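Keep the sequence and the model side by side.

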Amino acid sequence: MHYQKHAIAGFSWQTLQKVFTTGLSFIKIFILARLLSPEQFGLFSLVMIALGTTESITQTGVNITILQSKQPIRYFLDTAFVIAIIRGFIIGSLMIVMGYLMSNYYNEPDLFPMVAIVALVPIIKGFINPAIVSWQKNFEFAKDSLYSSFRITVEILAQIALAFVMHSTWALVLGVIAGAIFEVCLSFIMLKEKPIFHYIRSRGSLIFKNARWLSLSSLLSYLNDNVDDFLLGKIVGTHKLGIYHNAYALSHKVNYELSKSAYHGIMPIFSKMTQDDENLRLKKAFYKSFFSTLIIVSLISFPLIFFPETLINLLLGDQWLEAIDILRALTLAGLVHTMANLCYALIIAKKKYFYLNAHMSFSLMLIILGIIVFGQKYGLTGAVYAIFLARLISLPIALLGVKKSLR
């Protein structure tokens, strides 16, 4: 197996896709920052918290299980389809309840109807063809990248077009729904292998057995990425949350998103090396991918660290100048998050879930404490620096997981 060739191909295609979609995201931010207010972005952040939280709580680990298994895609396809559909309806129901509770918690009457409408998204996405994971499993990264690029492009274009017409948060909400509908259609157009609604109990049991620790990891991962929005929405209000939302997107689209490209390309290869018991090659592959990605991400992050004011003025405009004070710290936090994400690719491939969950749990605890203490005392700037320190302090646990995985 030409693992290095596949790794380079995976990283290259994912990087091209991320560069393309990041460019679109910058265009989206540039346009929408002039059409919508920070409060409207903050409200949308809260809507997406409801979606992400319920998705992570009900994570099944289907894709990871299929990637780790030596069985062909067809073996799990129909069962995975049934699980995804049922999960979609469960998520939608939980979102409606969560939307009502969040609307009261944040004292935002518009939040409940928006969350209720976005509850359609997981129901729609439940019908996505599970065979899309075959692109990763078979190292067909070009198709996977093309699929992701089309999906994100449609969602972004829909949000921009609707924002010109509506000038409200509803433009972002309806754009997400349009993207979900397109994604389902695309998954069946691009793949010959189609699932049917047929559940096989023994295969479902294999998925759920492997998903026990992956479900916890998924929840912890989501909370690490989004508990900041949840707390900041209450501590500093939706205006400051909107400032944070776009500053976060601007910084993390550059560094953390690129690490996701590397993760997406190398994780299935690490899994294959683990199955073939090629530990020496696995070790070399990990170090090469880790340090090469880190160097690239650091170079790309350079302008955000040293020229934040110029970039904020250029991309966001005058009403977003408050983001200057936090952009540098968010970029550094993204770099640390990048290192952890690259460690996760190896840890998951080796099924060392204890270290994965331990790192995420400790990081989450520090982030929550930091935001509450420093956010209340020093406002948004204090909370952002607390996030950076939390990720930095917890990083050694992920590195320990790498050490154990490479033994």
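Helices here are DSSP runs of H or I with at least four residues, strands are runs of E with at least two, and both are numbered from the N terminus. This is a predicted model, in which local features need pLDDT of at least 70 and side-chain atom pairs count only at pLDDT 80 or more, while totals for chains, interfaces and linings use all residues. Residues are numbered from 1 along each chain as its sequence is written, and side-chain values use heavy atoms, with hydrogens and water left out.

Start with the loop between helix 8 and helix 9, where His167 is found. His167 is not a glycine, yet its phi is positive, near 50 degrees. The residue comes just after helix 8. How accessible is His167? Its relative accessibility is 42%, so it counts as partly exposed. The cut-offs for relative accessible area are these: buried is under 20%, exposed is over 50%, and partly exposed lies in between, with a 1.4 Å probe and protein chains only.

Now step back into helix 8 itself. It covers residues 141-166, which makes 26 residues. The expected span of a helix is 1.5 Å times one less than its number of residues.

Two packed helices are described by the angle between their axes and the distance between the axes. Axes are lines fitted to C-alpha atoms, for helices over the stretch in contact, and angles run from 0 to 180 degrees between N-to-C directions. Helix 9 spans residues 170-189, and it packs on helix 8 at about 150 degrees with the axes 8 Å apart. Helix 8 is therefore roughly antiparallel to helix 9. The classes are set by angle: under 35 degrees is roughly parallel, over 145 roughly antiparallel, 65 to 115 roughly perpendicular, and the rest oblique. The crossing of helix 8 and helix 9 is right-handed. A crossing is right-handed if the near helix is turned clockwise from the far one by less than a right angle, and left-handed if anticlockwise.

Which residues of helix 8 and helix 9 meet? From helix 8 they include Tyr147, Phe150, Val154, Leu162 and Met166. From helix 9 they include Trp170, Leu174, Gly175, Phe182 and Leu186. Contact means heavy atoms within 4.5 Å. The residues of this contact divide into 15 nonpolar, 4 polar and 3 charged. Nonpolar covers Ala, Val, Leu, Ile, Met, Phe, Trp, Tyr, Cys and Pro; charged covers Asp, Glu, Lys and Arg; the others, Gly among them, are polar.

Helix 11 (residues 237-252) and helix 16 cross at roughly 40 degrees, and their axes come within 11 Å. That angle makes helix 11 oblique to helix 16. The crossing is right-handed. Helix 11 brings Lys240, Ile243, Tyr244, Tyr248 and His252 to the contact, and helix 16 brings Leu380, Val384, Ile387 and Arg391. By class, there are 6 nonpolar, 1 polar and 2 charged residues.

Stay on helix 16. Ser363 lies in this helix. Is Ser363 buried or exposed? It is buried, at 3% relative accessibility. Neighbours within four places in sequence aside, Ser363 contacts Asn224, Ala390, Arg391 and Ser394. Arg391 also belongs to the contact with helix 11. Lys404 sits in helix 16 too, which runs over residues 353-405. Lys404 is partly exposed, with a relative accessible area of 26%. Beyond four places in sequence, Lys404 touches Lys352 and Tyr355.

Asn107 is in the loop between helix 4 (73-106) and helix 5 (111-118). Its phi is positive, near 55 degrees, in a residue other than glycine. Asn107 is exposed, with a relative accessible area of 64%. Ala119 lies in the loop between helix 5 and helix 6 (120-125). At 4% relative accessibility, Ala119 is buried. Outside four places in sequence, Ala119 is in contact with Gly92, Met95 and Ile96.

End in helix 1 (residues 3-35), which holds Leu24. Leu24 is buried, at 14% relative accessibility. Its contacts, leaving aside neighbours within four places in sequence, are Thr153 and Ile156.
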